[in-house]
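Colleague: Could you take me through this model one feature at a time, giving the general idea before the particular case?

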Amino acid sequence: MPRRVFFAIAVFLFCFPMVSPLAAAPPPPSSDTEECLGCHEDIHPGIVADWRKSLHAAGPARAGKDKGKAASSVGCAECHTAREEKHRASFPHNGFSVHVDVSPADCAECHGVEAGQYSENLMSHAYGNLMGNSVYRQLINASAGPRTAPATFSAPGRDTMAETCLYCHGTNLAFNGTVTRDTDLGEMEFPVLAGWPNQGVGRVNTDGSRGSCSACHPRHGFSAAMARKPYTCKQCHEGPDVPAFKVYQASKHGNIMASSKADYAPSPWKAGTDFPAPTCAACHISETATPDGTIITERTHRINDRLSYRLFGVPYATAHPKSPDLSIIRNSQGQPLTADLSGKPAEKYLIDSAEQEARSKKMQALCLACHSGSWVAGHFARLEKSVAETNQATLSATKIMEELWARGKAKGLAAGENPFDEPPEFTWTRVFLFYANSSRFAAAMSGGGDYAVFADGRFQLNQAIAELGGLLPREPSK
Amino acid sequence: MPRRVFFAIAVFLFCFPMVSPLAAAPPPPSSDTEECLGCHEDIHPGIVADWRKSLHAAGPARAGKDKGKAASSVGCAECHTAREEKHRASFPHNGFSVHVDVSPADCAECHGVEAGQYSENLMSHAYGNLMGNSVYRQLINASAGPRTAPATFSAPGRDTMAETCLYCHGTNLAFNGTVTRDTDLGEMEFPVLAGWPNQGVGRVNTDGSRGSCSACHPRHGFSAAMARKPYTCKQCHEGPDVPAFKVYQASKHGNIMASSKADYAPSPWKAGTDFPAPTCAACHISETATPDGTIITERTHRINDRLSYRLFGVPYATAHPKSPDLSIIRNSQGQPLTADLSGKPAEKYLIDSAEQEARSKKMQALCLACHSGSWVAGHFARLEKSVAETNQATLSATKIMEELWARGKAKGLAAGENPFDEPPEFTWTRVFLFYANSSRFAAAMSGGGDYAVFADGRFQLNQAIAELGGLLPREPSK
Amino acid sequence: MPRRVFFAIAVFLFCFPMVSPLAAAPPPPSSDTEECLGCHEDIHPGIVADWRKSLHAAGPARAGKDKGKAASSVGCAECHTAREEKHRASFPHNGFSVHVDVSPADCAECHGVEAGQYSENLMSHAYGNLMGNSVYRQLINASAGPRTAPATFSAPGRDTMAETCLYCHGTNLAFNGTVTRDTDLGEMEFPVLAGWPNQGVGRVNTDGSRGSCSACHPRHGFSAAMARKPYTCKQCHEGPDVPAFKVYQASKHGNIMASSKADYAPSPWKAGTDFPAPTCAACHISETATPDGTIITERTHRINDRLSYRLFGVPYATAHPKSPDLSIIRNSQGQPLTADLSGKPAEKYLIDSAEQEARSKKMQALCLACHSGSWVAGHFARLEKSVAETNQATLSATKIMEELWARGKAKGLAAGENPFDEPPEFTWTRVFLFYANSSRFAAAMSGGGDYAVFADGRFQLNQAIAELGGLLPREPSK
């Protein structure tokens, strides 16, 4: 072996670990994207840098099924000019027809399965499920509407809604004409989009599609690994109404995850080797496998697939709704709620116990990768009890509230009034929205302890019921 | 040097950093464990993968004092069949007698010092200290018992207890016979364990021992490094009653720790080189050393060793109890509390000031590794003041509560009633359980600022006292 | 090429990545510092180890503009004996005159630009801005003063203040003589410093200078990378009055940051390559650049430079004050507040709209590195609306409070009484201090959703207004 060859081998060996896995040269950007980059790499260098590190920039050759076949990477033009005729707010821009709101329908050009599943996910309907529900609208007005006097308030305006409820639920993007702006390249015309910016899970896009993939795969890195980490879910599942992230972090799963340096990137995602403890995504979405590659759970962007209950109760937790569109639900009292005020479920609109069982089984498949059957059975039996018990507590509070309404201590639905806007009504709302929900999330994720008792759990629940009861003239007969 | 040799050296050098430190081949699993793995690696692959990365799998040859002598690693059989005759719930399983609840007494077969110390740690008695305390039981019933009407509630059931208080304190595992289940390998019999799953610090095991090592060394990795991180302690020290984790995270120690990429693994654990700032474990448990290896603090699993105070006050903070069994304590009013309702400590059961001083000195040894004597003295002087001042605030609130009881505004102990279940009693409970405790934790860990004032600290404390006072017919004479 | 040379090259190549970047040998410690280390490396090994890893230990040759010229590194003596004649508490110590409180004026010997800017930063005046404000003093007394009866309280003592408000604002270090202590080296004399330890941002040092660089560059590592991470800011910006860290963590920026393994070290700090999403420092302080090195924002330790508003409202958010010394401000009612109780700003003391615009532009320069103009415009337009709307809510609450004062339901300023100490006054305080501020921070950092509504946001704001209104005999006329 000549020294030259030997030297080359040594250098190759030395360099090898830095370039592993052996990568084919990525396909170049398309000529359209090159044109975008020509200006935008100067104007928005950060976001272009983000993209350059993404699998999209590496191209389908790296990322997907068409490995080696793609002529170009997936760049600016591929997404922002896709289906331009479908987007009401597409605008002419240097010879292209561009839209700012890349939508799940655009992404579906390559990711059809995921977009299809997501369209049947409760989350994609988050805008309509909130704004199309007359009861929820009253809760919004009472809790987010600006008050000019103790009992005088209006519905929150568009900007306030975008910053509060719709930050997570998604705004309804409306095309409000165009505006001319001075730019470094002279005067240019841009669309005015009401509700922009927004990346809520149920954003209504200018092509009529629902959702925003960047809600979980943020910005231009589109990372799957990032979406698998609980910090992503935390963006919207952190408050006292849905403290899923807080509960997770205080659970043993959360402890192990916080201590891990795993990169959460490989797919399929192997239990015990690739990830040391499940994250939100592991249980609810991801394709998981055993260390030898046997699939445990199939990837789904229709999160309902593994959910037997709708734990989030307004005011009661029930079996999961059948349709992702909740605005069609009517309880026996004609309200768009999954249960009556007495707790009776609107069964016609909810999955039955066989489907509940099937969905539980799907989720439990992953539990069993690390836990025994009796462990898993014990855990889920407790969750069932917690659902029943917190629903019972909500019923106790609701009965007191109904008596307070009957006695004129507050003006509720029967009087044609907002049932959420007076002091005792806020206390009642906290019972079901904060404390019953927190207790259930703590039960669901083995994050019991603090979040089940003293941190917006049963302590506050019982205190609120006691306080509501204290507003009655006397102890109600038992 | 022939090229071949040279090449070998180069490759070795290249590979060297990946296999460092030079490891002897680990001992193989025992034949019993091999038999377990034969099935369980298929059934529960995640947990087996977790174990394969542990020091137990690497064997005592790596992990302990018998380096090089062990014939086998520490695997499934070594722990789950240990002392099988002592476990009431051991069950026949493919020729083995297996128990699911590996206990500190099992671990003591190899880790006798640690298990011995832990048995004298307050935490190992957490079940009895809670459930054997008649006053605490009333607090449990008032705050976690399901309410069917404003003032009507029962004691929480076994499942609710397992999900709330006993999630951290530990359940009392009871053997409730066996159940036959269909498995992939045919019908098999398994024990039914009430209180399972649970990993609380004071779990009462089926061999009668107390505690669960996996409370802090989770699952089958048994990592010391993980237990040294605050995320472990967070599982149970996060709520408003014991916000130790929150305070730590907002402290300068927590800031430095969050920013560090240290792996927290070496032992002894060297201040300034192995860890940049102390964690919960560093101050309370770990063996720490100077960078040159001089021991600063000795490892102890009897956490009381470095605790002069019991900061957690129900209702008052006092000197630390002598015995880890708190159920034996009686204050001068005959209650199982470390102090009277007037704040007078039950001195007979508490360590004296000389022992307090000795314990403080032990903890301060580590402080002094990075701080001057005047820094440390200043810090602990403030803590003393905060203990006194928050106890005084509790006394103020308690006097108001006693007057409210006397005036019939609530029904307390004297009337043979639960003193924690009515609205003003919840407010009083928040004073000592949430706000006084939070203020003390903030003082103890230099996490002052927000947690000492506005985040469940003195602001809420003073508000609660003012509100309690507002329930009196007039200002009490001063 | 002889084999020997070849071998050397191979080994060099192999080792190269471990020692990159090629470092000149650091300059040695000065002889004075060597003398300090002689004892203190034994006495306080942790802190010396911390320093040994710092850029100070590597010396100006590595860290600064005098690269290669420095004769010695920056060690103990360089800082703790600097300007010794200026420090009232300098004390003789083994032939040196030493002071414990290294101050910004000491650091200015090398870091003059930073110290100069910081002296004009609101934060350096945090002690006086709090303690020199008669209204704030009443808030302190009501919320942190120990209560011996419902309405009887004193001003908090020095130790309580050090542990609460002044933990962040900084203590006023007072030289209280000296004390003799037994040490390993015999009897030695040390100064007694009231207010020590403390690292608050506005600490008044014994040389009369204001601030503590170690508030953000902690201990003896003095790391810029650490200060750039949000964990540093969290120390003081976490509570319900200033929940900046919580909001950030729940924002998309916080999500991306939490998921990143960037080391936050290079300078200038390049958007998209060095940092994937901005931290507190990126927007408020740091020198940032495009990936090709073009400066986007200049480093400033005068944080006001990029702040158009003072979002933190007591009780109203206003344009940012002109001077960092807020004690000079008087509203039209003569109070040291940036606005009247009616919300009218004390315009004379506040920056005008042109300056607001200029500051916004500075901050937005970084936004535009990753976001389009319409995105940024939309975001800031919403923030303006939120400022106006939350100020309006504060006005609503204040009007109710004024009516309660007028009706004798509480005793306020007009009666010469503390306006923050009675139950309805605590509720009013929570409106502006917790809920209006939280809502604004959520708006400012796109951390909307939970923190804008249910997590101490508009829900609690509206509940508090409703509860305040419920204390009035009847609904005020509309």
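Modeller: Let us begin with how the chain meets itself: where contact means heavy atoms within 4.5 Å, residues 24 or more positions apart account for 54% of the contacts in chain A with a separation of 6 or more. This is a predicted model, in which local features need pLDDT of at least 70 and side-chain atom pairs count only at pLDDT 80 or more, whereas totals for chains, interfaces and linings use all residues. Residues are numbered from 1 along each chain as its sequence is written, chains are lettered from A and ligands numbered from 1 in the order in which they are written, and side-chain values use heavy atoms, with hydrogens and water left out.

Colleague: How many helices and strands are there in chain A?

Modeller: Helices (H or I, at least four residues) and strands (E, at least two) are DSSP runs, numbered from the N terminus. Chain A has 21 helices and 11 strands, and its C-alpha atoms fill a box of roughly 100 × 60 × 35 Å along the principal axes.

Colleague: What percentage of the residues of chain A count as buried?

Modeller: A residue is buried under 20% relative accessible area, exposed over 50% and partly exposed in between, with a 1.4 Å probe and protein chains only. On that scale, 56% of the 478 residues of chain A count as buried. The accessible surface of chain A, by the Shrake-Rupley method with a 1.4 Å probe, comes to about 19,400 Å², and 57% of that belongs to carbon and sulfur atoms.

Colleague: How should I read an interface, and what area is buried between chain A and chain B?

Modeller: The size of an interface is often given as the accessible area lost when the parts come together. Here buried area is the accessible area (1.4 Å probe) that two parts lose on being put together, summed over both. Between chain A and chain B it is about 5,600 Å², with carbon and sulfur atoms giving 59%. Lys252(A), Trp375(A) and Arg382(A) supply 14% of the area that chain A buries against chain B, more than any other three residues. In this interface 62 residues of chain A are in contact with 66 residues of chain B, while the contact of chain A with chain C takes 66 residues from chain A and 62 residues from chain C.

Colleague: Which side chains meet in a salt bridge between chain A and chain C?

Modeller: Side chains of opposite charge can pair when their charged atoms come close. The rule used here asks for a side-chain nitrogen of Lys or Arg within 4 Å of a carboxyl oxygen of Asp or Glu, and it finds two salt bridges across the interface of chain A and chain C. One of these joins Asp159(A) to Arg382(C), at 3.9 Å from N to O. Between chain A and chain B the count is also two, and Asp159(B) forms a salt bridge with Lys385(A), the closest N and O atoms being 2.6 Å apart. Over all chains the count comes to 41 salt bridges.

Colleague: Where in chain A do Glu389(A) and Arg458(A) lie?

Modeller: The side chains of Glu389(A) and Arg458(A) meet in a salt bridge at 4.0 Å, N to O. This pair links distant parts of the chain, with Glu389(A) in helix H19 (residues 373-406) and Arg458(A) in helix H21 (residues 458-470), 69 residues apart. Glu389(A) and Arg458(A) are both buried.
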